[in-house]
Amino acid sequence: MTRKKNFERQFFSDEDGLRFATPWPVAAYRAKRLKCSSLADISCGIGGQTVYFAKECEVVYAIEIDPAKLKLARKNCKLFGLNNVEFICGDALCQDVIDQIPAVDVVFSDPARAAAEDERDIANLTPHIPDVLTAYSGKTRNFAFEVPPQLTLERIPFDCELEYLSLNGELNRLNLYFGYLKSCSISALALPGPVKLCGDLRHNEDNELINADQPGKYLYEPDPSVIKAELLPELAAEIQNKNVEIFRIDNKRLMLTSNYIAEHPMIKNTFRVVFSAGFVPEDINRELKKLGYGKVLLRAEVDPTMYWDIRKRLEKDLKGDRKVNLFARGRTAYICEKI
């Protein structure tokens, strides 16, 4: 079976391989970051990441416990004309498999995980990260792991770099880097840039921004990797001379605000605050009619069963294509136009 989803070109895949496939911009970025002479790719699956490692490294050892997936990985490497991959079928933590791997520059592991969990737990990954670190400690000091990006900082008990990665403005991956691969304590990376922002976990607590009670003339929606990495102070520091402050909309939306227009590649969206009012749909609707707006994107914490009712009341008899975004903080609505 061949599928194109998530891939730069058609790959051979099964349904599981397709579901958990690494998007090719992520695979290409990661291969460039881990570029070295020799690399072991543990739990390689159908080879979506292996292909890109093989493009950058002299030799790649691809290990997979599922023979059907390893067969697909072989076919995909052949599809790309790659002949520098050695395939090993077996349990990556089995001594027989470990003995087949010589000393390498880097070990990469994308552990298996449940399709869904109430709360992501790093202890539920297979193979376990501490077991991989121990099993391959004689092969290298340099490890990289992919783990679920929903994991928060306090749930990762390792001395490594945490790289939260977004793709096209959406949180996509969390990479952990050990050894010389570690470039800082915490980082946010946006693709397809790539654009990277680094910080220090110890310094994050000291870098405090002013929390604004109300927004300035402009609201800035940071890239989600910045939010997840808790690097808003570092982002604000790079936006010089704009008197940037934090403005928390609700439990899901944390933004920056300023009275001056600011630009930064880690800003996902910029909004001009048109007006604010009490969150009374009929009153807002009247003002939107005066200003000539036709559509409202409701970006507020409201009862899901009430969403369309509120949206209809906001848009009643509005005409035209001009759009506004409505953010709500408590009982106050902020009507903003994306610029």
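Me: In strand 9, which residue is the bridge partner of Y164?

Reply: The model is a predicted one, in which local features need pLDDT of at least 70, side-chain atom pairs count only at pLDDT 80 or more, and totals for chains, interfaces and linings use all residues. Residues are numbered from 1 along each chain as its sequence is written, and side-chain values use heavy atoms, with hydrogens and water left out. Strand 8 (residues 161–167) and strand 9 (residues 170–177) run antiparallel and are joined by seven bridges. Within strand 9, Y164 has as its bridge partner L174.

Me: What is the order of the strands in the open sheet of nine strands?

Reply: Strands are DSSP runs (E, at least two residues) and helices likewise (H or I, at least four), numbered from the N terminus; two strands pair if DSSP finds at least two bridges between them. The pairing in this open sheet is mixed, and the order is 5-4-3-6-7-9-8-10-11.

Me: Why is one side of strand 5 and of strand 11 left without a neighbour in the sheet?

Reply: Strand 5 (85–89) and strand 11 (195–199) stand at the edges of the sheet. One side of each lacks a neighbour because each has a single partner strand.

Me: Which residue of strand 11 is the bridge partner of A190?

Reply: Strand 10 is joined to strand 8 by six bridges in the parallel sense, and A190 is there the partner of S166. Strand 10 also pairs with strand 11, antiparallel and over five bridges, and a hairpin of three residues joins these two strands. In strand 11, A190 has as its bridge partner V195.

Me: How many of the six residues of strand 10 are buried?

Reply: Buried means under 20% relative accessible area, exposed over 50%, and partly exposed in between (1.4 Å probe, protein chains only). On one side of strand 10, I186, A188 and A190 are buried, and on the other S187, L189 and L191 are buried as well. Strand 10 is therefore largely enclosed by the rest of the structure, its buried residues numbering six of six.

Me: At about what angle does helix 2 run to strand 8?

Reply: Helix 2 (residues 24–33) is mostly covered, with seven of its 10 residues buried, including V26, Y29 and R33. Helix 2 lies across several strands, among them strand 6 (106–109), strand 7 (143–147) and strand 10 (186–191). To strand 8, helix 2 runs at about 145°.

Me: Over what arc around the axis do the buried residues of helix 11 lie?

Reply: In helix 11 (residues 307–315), the buried residues are Y307, I310, R311 and L314. The arc is taken from the directions from the helix axis to the C-beta atoms. These residues are on the same side of helix 11 because their arc is only 100°.

Technical notes
Contact = heavy atoms within 4.5 Å. Axes fitted to C-alpha atoms, helices over the stretch in contact; angles between N-to-C directions.
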